[in-house]
Amino acid sequence: MSATMTMTASKTAPGGAPQSSAQALRQNLGRSARKLLRNPLSVAGLVVILALLLVAAFAPWIATHDPLAQDLANTLKAPSAAHWFGTDEYGRDIFSRLVYGSRITLYIISLVTVIVGPVGLTIGVVSGYFGGWIDTVFMRITDIFVSFPGLVLALAFVAALGPGLDHAVIAIALTAWPPIARLARAETLSLRKADFIVAVQLQGASPLRILTRHVAPMCLSSVVVRLTMNMAGIILTAAGLGFLGLGAQPPVPEWGAMISAGRRYMLECWWLVAMPGMAIMMVSLAFNLFGDGMRDVLDPRSE
Amino acid sequence: MAMISVDKLNLTFGAGSDANQVLHDVCFEVGAGEAFGLVGESGSGKTTVLRCLAGQYNHWLGTLAIDGETLGRRLDYARCRKVQMVFQDPYGSLHPRHTVETALAEPLAIHGIGDRSARIDAILTKVGLPTSFRWRYPHQLSGGQRQRVAIARALILEPRILLLDEPTSALDVSVQAEILNLLADLRVRDGLTYLLVTHDLGVVAHLCDRVAVMQQGRIVDLLDTAGIVGCNPEHPYTRMLVEASRHYSREMAADGAARPAVADLAA
């Protein structure tokens with residue numbers, strides 16, 4: 001019997017059978033990476049995101065000027081060799097401000113994601129797994145948050161807490177978790193009657209163990225995809241709050257706030273609005289494309 | 001002494017006017033080391049009996065006892081170590097993101113059993129898989145290999161009773177025989193008690209000593225396997241079932257022989 005088994009073994013092992021758990025993990029990651037890299041659009045998204053990370057990390061070396069240094073002799077200058085993207089109404093170099101602004105954008109994205117991912121996942125998984133009144137309570141709360149337009153709810157929170165970058169982050173996080181929770185709940189509902197979950201239940205696993213080790217990992221991929229797609233929305237909401245003067249406060253070079261400040265000179269000096277607008281568009285598009293690619297890789301249904 | 005005893009088991013889903021009673025006074029006993037089959041058509045409640053015994057449903061009425069101990073409503077560790085279940089579909093019963101090693105280590109971790117690596121190697125050898133399979137994911141295994149892993153997972157807690165829910169029906173015919181032989185070997189070697197649910201009378205004949213025939217949530221007949229094979233069952237429903245399974249296989253064989261071209265086209 002074991003002879004036939006080894007025979008079938010060699011037949012069914014794609015790319016050689018893994019010989020250790022580290023190797024199994026490596027093979028798995030390698031497969032996913034190859035799949036992601038096969039899609040040119042998601043590669044483009046990935047490149048832009050990596051560029052954003054690099055720019056943010058090496059901002060002081062990339063920026064040509066001090067982003068906060070005013071030069072009143074050189075205000076509203078068009079793009080030139082000295083000022084690649086022109087200068088604003090205080091003579092500040094727009095390129096350098098964009099470079100430093102990438103740090104703020106990343107700060108907002110990562111903070112919101114770090115808050116929203118675990119919160120949404122936990123609420124969704126618990127709600128879907130236990131059902132009954134726990135589900136009812138959690139889902140009604142989610143409904144309440146969903147029924148407000150995100151930006152309006154964020155506006156209300158910022159108005160209550162006072163304008164500022166951190167308050168904008170909290171406000172965006174408050175509006176961004178319900179879709180994640182619903183997604184995780186839907187995934188959990190489809191999983192909780194699955195045989196492999198019943199099997200661990202019958203082995204005596206505690207609900208906490210089942211949720212963290214068996215249910216959550218299955219929901220994780222769709223949540224990660226959703227979060228990546230959400231990042232585009234987060235950037236836009238943050239920019240919107242900045243534009244309304246409720247996000248980052250001057251002189252912080254936040255992209256939305258830069259557009260807001262530039263709109264008074266928009267007709268004569270297009271670069272004041274176009275440059276930060278372009279940055280916002282590029283980055284949110286990149287996250288959308290990357291999110292699409294991630295979905296193709298991570299979604300178990302697409303295999 | 002009876003290893004499994006089921007007395008007046010009743011189970012109802014829903015309440016009020018929607019109530020749907022799926023089990024009616026089901027009674028049977030399985031002796032230690034015996035292989036007992038539950039047969040019947042789809043929806044006759046055979047799997048439900050299994051799931052009550054396994055502890056998945058806990059709103060049943062009646063008395064369930066395992067190894068002389070009456071079962072409570074709650075699943076406790078001691079019961080988990082005594083009774084384990086093998087599911088019908090090996091494609092759905094293994095966690096798609098867990099390697100064989102993770103799947104087999106999980107029950108050991110839950111019950112705080114040490115020496116995991118050696119135990120995993122031992123159980124893999126026992127179910128006829130090479131130990132190098134421990135780092136594979138389910139998608140790197142064939143159906144029969146998956147079912148072997150599922151059997152290994154059930155056996156790693158060293159239960160006395162194995163509940164088998166149509167363990168071969170999702171498998172290829174050639175693999176079915178392998179798995180049935182493995183189950184027969186394991187039973188002899190470890191002195192396991194089997195409760196096997198199936199609609200395949202051939203599987204019953206191969207593996208079981210006694211058999212209960214279920215129809216619409218009731219046990220309508222209880223007989224030795226020889227009674228079924230010897231083709232003189234008393235109960236009309238049992239007779240019908242045996243007849244049906246004979247006709248089915250004969251007609252299938254005739255069809256296959258007469259119309260190979262059609263089969264080729266369909267494929």
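In this predicted model, the buried residues of helix H3 of chain B are covered by elements that include helix H2 (21–37) and helix H9 (195–202) of chain A, together with helix H4 (116–126) and helix H5 (143–155) of chain B. Helix H3 of chain B spans residues 100–110, and its buried residues are B:Val100, B:Glu101, B:Ala103, B:Leu104, B:Ala105, B:Glu106 and B:Pro107. Just after this helix, B:Gly112 adopts a positive phi of about 65°.

A pair of packed helices was examined in chain A. Two packed helices are described by the angle between their axes and the distance between the axes. Helix H7 (residues 150–161) and helix H10 (residues 207–243) of chain A pack at an angle of about 50°, and their axes lie 11 Å apart. Angles from 65 to 115 degrees count as roughly perpendicular and those under 35 degrees as roughly parallel; H7(A) and H10(A) are therefore oblique to each other. Their crossing is right-handed. On the side of H7(A), the contact is made by A:Gly150, A:Leu151, A:Ala154 and A:Val158, while H10(A) contributes A:Thr237, A:Gly240 and A:Leu241. The residues of this contact comprise four nonpolar, three polar and no charged.

The largest nonpolar core contains 143 residues, of which A:Ile172, B:Leu53, B:Leu163, B:Leu195 and B:Leu196 touch the most other members. Helix H10 of chain A gives the most to this core, with 16 residues. When residues up to four places away in sequence are not counted, B:Leu196 touches B:Ala35, B:Phe36, B:Gly37, B:Leu38, B:Leu164, B:Leu207 and B:Cys208.

Methods. Residues numbered from 1 in each chain as written. Chains lettered and ligands numbered in written order. Predicted model: local features only at pLDDT ≥ 70, side-chain atom pairs only at ≥ 80, totals over all residues. Buried ≥ 20, exposed ≤ 12 C-beta atoms within 10 Å, placed from the backbone. Helix = DSSP H or I, 4+ residues; strand = E, 2+ residues; numbered from the N terminus. Contact = placed C-beta atoms within 7 Å. Axes fitted to C-alpha atoms, helices over the stretch in contact; angles between N-to-C directions. Parallel < 35°, antiparallel > 145°, perpendicular 65-115°, else oblique. Left-handed = near helix turned anticlockwise from the far one by under 90°. Nonpolar A, V, L, I, M, F, W, Y, C, P; charged D, E, K, R; others polar. Core = buried A, V, L, I, M, F, W, Y, C linked by C-beta atoms within 7 Å.
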